[in-house]
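User: I would like to learn how to read the features of a structure like this one. Please take them one at a time, with the general idea before the case.

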Amino acid sequence: KYPLAGRTNIVLSENPGFAPKNTIVCRSFEETKEELAKYPTEDIYIIGGGSIYKQFLSLCDTAHITKVDYKYDADTYFPNLDKLSEWEIKETSEEKTYFDMIYEFVRYSRKK
């Protein structure tokens, strides 16, 4: 609903009525790629939904993933990078617990 504070927010939305303040709104994948080209790649973070991940994952060289030790009943999941040969784990946090939820942070890099 609101842009993240203290940063440039670029949103891909085909909804012509979507125009929040302090946000750059792009209407297509190509338009978004053109806008992102204006910024250093190390400053760009892609956050989804599922269709956003599918469109942009091939352009990413790093993925910061939170792995939750629980199988949710959902209609969309992020691709399992452990099963994709072009990705490798570079760093893993210690296992953490929040109430009864167990999770860890994993940083993947695309193999060169």
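Analyst: Helices (H or I, at least four residues) and strands (E, at least two) are DSSP runs, numbered from the N terminus. This is a predicted model, in which local features need pLDDT of at least 70 and side-chain atom pairs count only at pLDDT 80 or more, while totals for chains, interfaces and linings use all residues. Residues are numbered from 1 along each chain as its sequence is written, and side-chain values use heavy atoms, with hydrogens and water left out.

User: How many helices and strands does the chain have, and in what pattern?

Analyst: There are 2 helices and 6 strands. Along the sequence they come in the pattern β-β-α-α-β-β-β-β. The C-alpha trace spans about 40 × 35 × 30 Å along its principal axes.

User: What does buried mean, and what share of the chain counts as buried?

Analyst: A residue is buried at under 20% relative accessible area, exposed at over 50%, and partly exposed in between (1.4 Å probe, protein chains only). Of the 112 residues in the chain, 17% count as buried. For the surface as a whole, accessible areas come from the Shrake-Rupley method with a 1.4 Å probe; for residues, only the protein chains shown count as cover. The accessible surface of the chain is about 9100 Å², and 51% of that belongs to carbon and sulfur atoms.

User: Next, salt bridges. What is the rule, and how many are there?

Analyst: The rule asks for a side-chain nitrogen of Lys or Arg within 4 Å of a carboxyl oxygen of Asp or Glu. By this rule the count is 5 salt bridges. One of them joins the side chains of Glu 30 and Lys 33, at 3.9 Å from N to O. Both residues lie in helix α1 (residues 29–36), 3 residues apart, which is about one turn of the helix. Glu 30 is partly exposed, with a relative accessible area of 44%, and Lys 33 is partly exposed at 31%.

User: Glu 35 forms a salt bridge with Lys 38. Is each of the two buried or exposed?

Analyst: Glu 35 is buried, with a relative accessible area of 12%, whereas Lys 38 is exposed at 59%. In this bridge the closest N and O atoms are 3.0 Å apart.

User: Which parts of the chain does the salt bridge between Arg 107 and Glu 91 tie together?

Analyst: The closest N and O atoms of Arg 107 and Glu 91 are 3.2 Å apart. Arg 107 lies in strand β6 (residues 101–110) and Glu 91 in strand β4 (residues 87–92), so the pair ties together parts that are 16 residues apart in sequence. Arg 107 is partly exposed, at 27% relative accessible area, and so is Glu 91, at 47%.

User: Where does Asn 9 lie, and which backbone oxygens does its side chain reach?

Analyst: A polar contact is a pair of N or O atoms within 3.5 Å; within protein, one must be able to donate a hydrogen and the other to accept it, and residues adjacent in sequence count only if both atoms are side-chain atoms. Asn 9 is in the segment before β1 (10–12). A polar atom of the Asn 9 side chain lies 2.8 Å from the backbone oxygen of Leu 4, and the side chain reaches the backbone oxygen of Arg 7 at 3.2 Å. Asn 9 is buried, with a relative accessible area of 11%.

User: With which residues is Asn 9 in contact, leaving aside its neighbours within four places in sequence?

Analyst: Contact means heavy atoms within 4.5 Å. With those neighbours left aside, Asn 9 is in contact with Pro 3, Leu 4, Asn 22, Thr 23 and Ile 24. For the chain, residues 24 or more positions apart account for 40% of the contacts with a separation of 6 or more.

User: How many aromatic pairs does the structure hold?

Analyst: Rings of Phe, Tyr and Trp (its six-membered ring) pair if their centres lie within 6.5 Å; planes under 30 degrees apart count as stacked, over 60 as edge-to-face and the rest as tilted. The structure holds 5 such pairs. Among them, Tyr 98 and Phe 99 are edge-to-face, 4.7 Å centre to centre with 90 degrees between the planes. Phe 99 is exposed, at 73% relative accessible area. Tyr 103 and Phe 105 also form an edge-to-face pair, at 5.5 Å and 70 degrees. Tyr 103 is buried at 18%, and Phe 105 is partly exposed at 39%.
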